[in-house]
Amino acid sequence: RVEALVRSGHVARAEDLVRVCGRGVEGFRPRTPRIALTSSRAIVAGALGSTERAAALHRRAAEAWAALPRPLDAVLARERQALCFLGSGRTDEGVALSLEVFRELSALGATVPAGRVAATLRRHGVDARRDWRRGRRGYGDRLSPREEEVVRLVATGRTNREIAAVLGRSPKTVAGQLNSAMRKLGVSSRTALAVRTVATDPGRDSA
């Protein structure tokens, strides 16, 4: 209902509804209403132009849905987070997160929302379905595109949590991709990985 009110231009009514619902779920032990409230607050924040707050709230909701676990709801919350990034000019982050969302929705068999995300990506010059079909093959000892993204960010000195925030992934996912990349490249530390990355890409220092 909050989303419907916002879409129809009744943002003030959506704010009032969220405020009332917030009082209603105080002390509630079931987590589902509280997570839904977080999502509703994110929608209102986005409608009011607070895209950074909206993105943070959608991410919090996604993490909470994933912990239940309710994977589809978690991925849909991340879709909204990606839209916040795209709407606030953080295009690279928004596209990267949207690709992750598209792949996860496809893996869950959620074809309708996957198609919606694919359409969003096409508007930003990315053919998600083609990239996804290509990405399904094995990479052997070569880094996958997602591992390459993590490695590039490690070389800039970012922590796993910072990388997760940039790419819209969980720190656990980033850690797994980093470990896989280190194994493939035959290094045993982040420092060695960064040194090797710079050595194989001399232009990185000047960037």
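## Overall content

Of the 207 residues in the protein, 39% are buried, where buried means under 20% relative accessible area, exposed over 50% and partly exposed in between (1.4 Å probe, protein chains only). The model is predicted, so local features need pLDDT of at least 70, side-chain atom pairs count only at pLDDT 80 or more, and totals for chains, interfaces and linings use all residues. Residues are numbered from 1 along each chain as its sequence is written, and side-chain values use heavy atoms, with hydrogens and water left out.

The protein has 13 helices and 0 strands; helices (H or I, at least four residues) and strands (E, at least two) are DSSP runs, numbered from the N terminus. Contact is defined as heavy atoms within 4.5 Å. Among contacts between residues at least 6 apart in sequence, 49% join residues at least 24 apart.

## Helices α3 and α4

Helix α3 covers residues 31-47 and helix α4 covers residues 51-67. Their axes come within 8 Å and cross at roughly 160 degrees. Axes here are lines fitted to C-alpha atoms, for helices over the stretch in contact, and angles run from 0 to 180 degrees between N-to-C directions. α3 and α4 are therefore roughly antiparallel to each other, a label for angles over 145 degrees, while those under 35 count as roughly parallel, 65 to 115 as roughly perpendicular and the rest as oblique. The crossing of α3 past α4 is left-handed, that is, the near helix is turned anticlockwise from the far one by less than a right angle; clockwise would be right-handed.

On the α3 side, the residues that meet α4 include I35, S39 and I43; on the α4 side, those that meet α3 include L57, H58, A61 and W65. S39 lies in α3 and is buried, at 9% relative accessible area. Beyond its neighbours within four places in sequence, S39 contacts H58, A61, W65 and R80.

## Helix α6

Helix α6 has 18 residues (91-108) and should span 26 Å at 1.5 Å a residue, the expected span being 1.5 Å times one less than the number of residues. Its end C-alpha atoms are 25 Å apart, which agrees. Buried residues in α6 include V95, L97, L99, V101, F102 and L105, along with E93, E100 and R103. Just after α6, G109 takes a positive phi of about 80 degrees.

## Cysteines

C84 is buried, with a relative accessible area of 10%, whereas C21 counts as partly exposed at 36%. The disulfide count is 0, taking a disulfide as a pair of cysteine sulfur atoms within 2.5 Å.
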